[in-house]
Amino acid sequence: VFLPGWRGCASALALSGPQRCGGTTLEGWDLAGRFDEAEVDAIFVVAQLAFLERDGSPGRFSEEGRFRAWLDELRASLELPEPASITLAAHSAGFETALAILARGAVEVRSVVLFDALYRGFQPFADWAAAAPGRRLISLHTGGGRTASQSAMLARRARQALGADAVSVDPESPADAALAHRVVVARSPVRHGDVPARHLAELSRVLLGGGRR
């Protein structure tokens, strides 16, 4: 489940080419295409949060069990079985919704990927990863600002909770590091808005494809 940041429009995030979003046209990010490149047996969903607003709040996902109810409604409409696992992928201000889902979503989330999204909350994210052995957490940042400093604090907290061997910091390949480490903190070589498209396929192969590279 992809959780967008400010001014999100689900169709523009998922699809390629010009997309109508309300009264404006936005160029598509083609994240669904990037996800398809991973060739994994999984469903990619872009959650529509605050539509075209400078707002990162989780809305009704802050309610106890609301994310579970949303997933159940989605599954029923598409006639899908219960998922084997759930991965949250948050970009930018989408971290707020990720935190709300982890705290009150009433589902077991196996993996969280933060695409230059760790503006705050390093401790609850680290504590979530440490609370169960099968969980994995990846935080990508662009090398400066709050996401970089919070990611550094996340790495320190995760090392305290899990041990140094469980955490990889600044690996050459975040996807390769995720094969052997429960928490990965890495710098992305692209600008903020391009981080999801740059890393979505490679990380999906690892997190959702049974480690296949």
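This is a predicted model: local features need pLDDT of at least 70, side-chain atom pairs count only at pLDDT 80 or more; totals for chains, interfaces and linings use all residues.
Visitor: How do you know that the length of helix 6 agrees with its number of residues?
Guide: Helix 6 has 18 residues, and at 1.5 Å a residue they should span 26 Å. The end C-alpha atoms are 26 Å apart, so the two values agree.

Visitor: Which residues of helix 6 are called buried, and what makes them so?
Guide: Buried means under 20% relative accessible area. In helix 6, Thr147, Ala148, Gln150, Ser151, Leu154, Ala155 and Ala158 are therefore called buried.

Visitor: How do you know where they lie around the axis of helix 6?
Guide: They cover an arc of only 165 degrees, so they are on the same side of helix 6. On the other side, Arg146 and Gln160 are exposed.

Visitor: What do the buried residues of helix 6 pack against?
Guide: Their partners are helix 5, strand 6 (136-141), strand 7 (167-169) and strand 8 (183-187).

Visitor: How do helix 5 and helix 6 pack?
Guide: Helix 5 (residues 122-130) and helix 6 (residues 145-162) pack at an angle of about 35 degrees, and their axes are 9 Å apart. The crossing is right-handed. Among the residues making the contact are Phe122, Phe125 and Ala126 of helix 5, and Met153, Leu154 and Arg157 of helix 6.

Visitor: Which classes of residue make the contact of helix 5 with helix 6?
Guide: Nine residues are nonpolar, two are polar and two are charged.

Visitor: What follows helix 6?
Guide: Glycine 163 does, with a positive phi near 95 degrees.

Key
Residues are numbered from 1 along each chain as its sequence is written. Side-chain values use heavy atoms; hydrogens and water are left out. Axes are lines fitted to C-alpha atoms, for helices over the stretch in contact, and angles run from 0 to 180 degrees between N-to-C directions. Helices (H or I, at least four residues) and strands (E, at least two) are DSSP runs, numbered from the N terminus. A crossing is left-handed if the near helix is turned anticlockwise from the far one by less than a right angle, and right-handed if clockwise. Contact means heavy atoms within 4.5 Å. Ala, Val, Leu, Ile, Met, Phe, Trp, Tyr, Cys and Pro count as nonpolar, Asp, Glu, Lys and Arg as charged, and the others, Gly among them, as polar. The expected span of a helix is 1.5 Å times one less than its number of residues. Buried means under 20% relative accessible area, exposed over 50%, partly exposed in between (1.4 Å probe, protein chains only). The arc is that of the directions from the helix axis to the C-beta atoms.
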